[in-house]
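Subject: Structure handover

Hello,

Please find the structure below. My notes follow it.

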Amino acid sequence: MFFHIVAGLMLGYAVISLLESTFHRAIYHARPRTRRLWASYPLIGGPFRRAYFSHGIIHHCWTFRRDFVTQFTSEHERAQLDRRIQGEHSSLIQGEHYGLTLRGAGTVWYNIPILPFVLLIGLVLGPWGLVGVLPVLGAYTCLAKYVHPYLHTPHDKVAGASPILRWILETGYVQCLRRHHYLHHRYPDCNFNLLLGGDFILGRYRAPTAQDWEEMRRLGLVVNESGKPAHSHPSHSA
C-alpha cells in the first residue's frame, strides 16, 4: 500500500508537470495553424479557443500591460476591456479575474486534459496509486486557483491572503515559482509550469538575465536573505 501511494505521488507529479508544460504551450499559447484547425471544427475546438482567448490574449496581452504586477492602470482600462469581451463567456472571464484564477466551469476545463492520464496511472498502479496521485492533482489546481494571483503581487503586498496561504507564499517553492512565472510573461515561449519540473525536462526553462533580476527587484518579486522584498529602488507599480 505505502509503496503504491509513494509511486503514485512521484509518478503523478512527473506526469502532471510534463503535461502542464506541454498543454500550456500547445493550448494556451497555441500557434496560428492550431487555432485555424480549431476554427474548422468548432464543436471540438471551441473549448480550446476559449482557453486560448482567456489566457493567451486576455491574461498575456490585454491585462498586465504596464508591468507584471499591474493588471489594470485604472478602472477605465478595466471597463474598456469589459466592453471588448461582452458575450456568452464574459461572466466567467470576469469571475476568473481575467485569467488570474479559476472559477466554476473554468476549473473543470482546466483539469479535463489531465484527468485521463491520472486515471491511467490509477489503472497501472491500482487504487492506492490513484490515492497517491490525487494530492498532486489537487496541488496543480490550487496553484492555478489560489497561488497564481499572488505570483503577480509584490512580496510585501500579500496581506489579504489567509494565514495558511501566506505561509505557502513564503516557501522557497513559491518564491522560485514567482520568478519562474515572471519570466514566462516576459518571454512567453518558456517557463510554462506552475507545478515546477516539466519545463526543465522538456528544455523549456529559461534562467533570468541580469536585467531580469533588476526588474524583479524593482517590482518587489525577489526576497533577500532577511525575508524582505529586495527593491533596487522604489517601485512605481500599484
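By class, how many nonpolar, polar and charged residues does the lining of the largest pocket have? There are 22 nonpolar, twelve polar and five charged residues; Ala, Val, Leu, Ile, Met, Phe, Trp, Tyr, Cys and Pro count as nonpolar, Asp, Glu, Lys and Arg as charged, and the others, Gly among them, as polar.

This is a predicted model, in which local features need pLDDT of at least 70, side-chain atom pairs count only at pLDDT 80 or more, and totals for chains, interfaces and linings use all residues. Residues are numbered from 1 along each chain as its sequence is written, and side-chain values use heavy atoms, without hydrogens and water.

A pocket is an open set of points on a 1 Å grid over the protein atoms alone, where a 1.4 Å probe fits, with protein on both sides within 12 Å along at least five of seven lines; lining residues have an atom within 4 Å of a point. α3 (42-62) gives the largest share of the lining, nine residues. Of the 39 lining residues, Tyr28, Arg50, Ala51, Ser54 and Glu96 are closest to the pocket centre.

The protein chain averages a pLDDT (the predictor's confidence in each residue, from 0 to 100) of 92, and 94% of the residues score at least 70. Helices are DSSP runs (H or I, at least four residues), numbered from the N terminus. Mean confidence is highest in helix α11 (residues 198-202), at 97.

Regards

Note on methods: Helix = DSSP H or I, 4+ residues; strand = E, 2+ residues; numbered from the N terminus.
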